[in-house]
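Subject: Structure for your review

Dear colleague,

I am passing on the structure below, together with some notes on how its parts pack against one another. Please read the notes with the coordinates open beside them.

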Amino acid sequence: MQNFISRILNSDVSTNNISIFCGAGISMNSGLPTANGLLKEIFNGIGADEYINIDDIIKKLPFEAIVERMVDYTQNNDILTFFADNSLQPNSNHHFIVKMIMDGFVERIYTPNFDLLFEKVAKGYSKLFTVLHKESEFTNHNLNDKNVKLIKIHGSAHDIDSMKITLKSVANKTQIEARNNVISNAFDSGKPQVIVFLGYSCSDFFDIVPAIQSIKNSNTEIIFVQHGDVYKENDINKLEKIKEVENPFKQFSGTYIEISTDDFIICWYRDFYK
């Protein structure tokens, strides 16, 4: 593992051309369940597991689409305000990633997560850590702003109204162009770069996954870290599926790794700050 991290750092990609794409798995140590884990808790809590196959529903509909329907039907925002709970605190992953951003080793963070954990870490860097979270903000002008360090593709828990708008647009497959623009900008092939995926399930198949699949002739290298107990490594473009989901990175070069996400980040930290 140490050699692998060193290879990334010693490649032709300069350190400031590394970005990180974080899914829900990055926040598990902060007390947040994965998207699928949270849905199962909700369905079990209302007794829905007696009437439906929860796993089948989760496989067919993105988390955001299911949440939007729940909120719209019940007129209850509790599931949305949950992500802004003050008791949720950043874990070492959030602290390390923000440190890499502020030290210039990483360019920016992309995430579909709603929580405010990165913002809590970056509170002291507000002028240098601009956050985009509204679809109306996802313009080329804003996306090319060097002070933009965090892009929350599906909205943010600090802004419930805009969060509802984004959830509805994901559920109804509307306003996709704005989110496509984020992905297109992230994978811009004008320069060699690396995007490291951490804690991501590849289940955003209404918007993010199709946008990734549409990218052609990109110089972006993918490092996809899948949480696992036993270390495994493979070329990303050789995999048909990542877990049970179709692999959206077949047209990219890069590496798929199974390892404890925490161990990966610890090793990365040691290599950067040894």
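In this predicted model, the axes of helix H4 (residues 63-74) and helix H9 (residues 160-171) come within 8 Å of each other and cross at roughly 120°, in a crossing that is left-handed. On the H4 side the contact is formed by Glu64, Ala65, Val67, Glu68, Arg69, Val71 and Asp72, while H9 contributes Lys164, Leu167, Lys168, Val170 and Ala171. Sorted by class, the residues in this contact of H4 with H9 comprise six nonpolar and six charged ones, with no polar residue among them.

A second pair of helices is H6 (residues 92-102) and H12 (residues 261-273), whose axes come within 11 Å and cross at roughly 35°; here too H6 passes H12 in a left-handed crossing. Asn93, Phe96, Lys99 and Met100 of H6 meet Asp262, Ile265, Trp268, Tyr269, Phe272 and Tyr273 of H12, and the contact holds seven nonpolar, one polar and two charged residues.

Leaving aside residues up to four places away in sequence, Phe224 touches Phe197, Tyr200, Cys202, Ile236, Ile242, Phe249, Thr255, Tyr256 and Ile257.

How values were computed
Residues are numbered from 1 along each chain as its sequence is written. This is a predicted model: local features need pLDDT of at least 70, side-chain atom pairs count only at pLDDT 80 or more; totals for chains, interfaces and linings use all residues. Side-chain values use heavy atoms; hydrogens and water are left out. Contact means heavy atoms within 4.5 Å. Axes are lines fitted to C-alpha atoms, for helices over the stretch in contact, and angles run from 0 to 180 degrees between N-to-C directions. Helices (H or I, at least four residues) and strands (E, at least two) are DSSP runs, numbered from the N terminus. A crossing is left-handed if the near helix is turned anticlockwise from the far one by less than a right angle, and right-handed if clockwise. Ala, Val, Leu, Ile, Met, Phe, Trp, Tyr, Cys and Pro count as nonpolar, Asp, Glu, Lys and Arg as charged, and the others, Gly among them, as polar.
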